[in-house]
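Hello,

Here is the structure for your files. Please open it alongside this note.

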Amino acid sequence: MNISVFRKDRKNVGDWYSLPSRYLPLRAQKTYDLAHPDSIPNEPGLVIFGGGGLGRQSFQPFVQKLMRPDRKYKIIAWGVGADSLTKQGEILQEPTDMARLLTYFEGMDDVGTRIDLKLASEAVRNLHWVPCASCLSPLFLELRNTPIRNRFGVYEHLREKVSPHLPGKGRFLDQLAGKYHYQSNRGTDFGKKLKFLAQSEFVITNSYHGVFWATLLQRKVICVPFKNGLFSFRHLPSYLGTDGLEAAMDLAQIYPDALDECREANLNFYFAMRSKYGDV
């Protein structure tokens with residue numbers, strides 16, 4: 001038995017396209033929803049766990065069922081992230097409670113995480129830096145040379161607004177029409193989301209994948225952090241803080257090698273897992 005377990009959320013494009021078997025020739029083509037752990041068979045084999053931000057308190061009851069003490073399968077976490085502190089409606093001014101992020105994955109057989117390993121916990125064994133497998137999509141090579149059409153693109157998490165933190169006091173879509181172009185991470189149209197990000201010189205976002213994908217597309221990213229997992233990138237964005245938007249713009253940078261580094265990390269992990277477990 002080789003299967004994939006992730007959060008089958010069609011409302012969130014980042015979760016939906018974080019599945020490693022979309023991009024790699026894994027045997028784990030049959031998928032199960034983490035939200036329904038009782039449906040996962042307890043048979044010998046491999047469970048590919050992830051990707052997505054599956055390390056959080058609300059998912060822990062489901063993860064613990066997957067980690068059942070009598071399990072007959074090995075668990076390989078792939079591209080997983082975590083949030084141990086969330087402040088909805090607020091901006092975190094600095095990374096807080098970061099040491100807890102990786103503890104959600106303790107006890108798994110191998111952990112490939114999108115969290116920068118400088119935040120690594122000694123309690124987590126067999127740890128690897130493996131960013132979200134969505135970086136393997138050919139769309140990034142196709143779209144990263146897209147001509148810039150918009151100065152700003154706002155990419156908003158479907159469950160948390162960016163607009164209250166931008167000029168306009170929450171009414172910026174009306175007051176500053178034409179200055180900001182807007183998209184959210186709702187839905188499953190991956191290509192549409194990437195095209196939007198690629199057309200913007202600056203991407204302002206509070207979505208994990210908004211930051212990640214815009215970085216891979218070589219765009220300048222300003223993150224509006226309402227949860228500490230948004231401080232866990234290896235290629236850090238600029239952060240909107242008390243100094244305002246213009247100060248954040250000055251600090252935003254492009255990472256020309258990010259796409260190659262993220263792809264290489266996924267491929268290295270794939271071959272390492274094949275070497276360890278056979279045909280994954």
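Below is what turned up in it.

This is a predicted model: local features need pLDDT of at least 70, side-chain atom pairs count only at pLDDT 80 or more, and totals for chains, interfaces and linings use all residues. Residues are numbered from 1 along each chain as its sequence is written, and side-chain values use heavy atoms, with hydrogens and water left out.

Helices (H or I, at least four residues) and strands (E, at least two) are DSSP runs, numbered from the N terminus. Strand β4 (residues 52–55) pairs with strand β5 (residues 73–82) in the parallel sense, over 2 bridges. Pairing requires at least two DSSP bridges between the strands. G52 has V80 in β5 as its bridge partner. From β4 the chain passes through helix α2 (residues 60–66) to β5, a right-handed β-α-β crossover. Right-handed means that, with the strands pointing away from the viewer, the path from the first strand over the helix to the second runs clockwise.

Salt bridges. The count is 16. The rule is a side-chain nitrogen of Lys or Arg within 4 Å of a carboxyl oxygen of Asp or Glu.

Most residues other than glycine have a negative phi, and most peptide bonds are trans. The G50 to G51 peptide bond is cis, with omega near 0 degrees. G51 lies in the loop between β3 (45–49) and β4. D97 is not a glycine, yet has a positive phi of about 65 degrees. D97 is in the loop between β5 and β6 (110–113).

Best wishes
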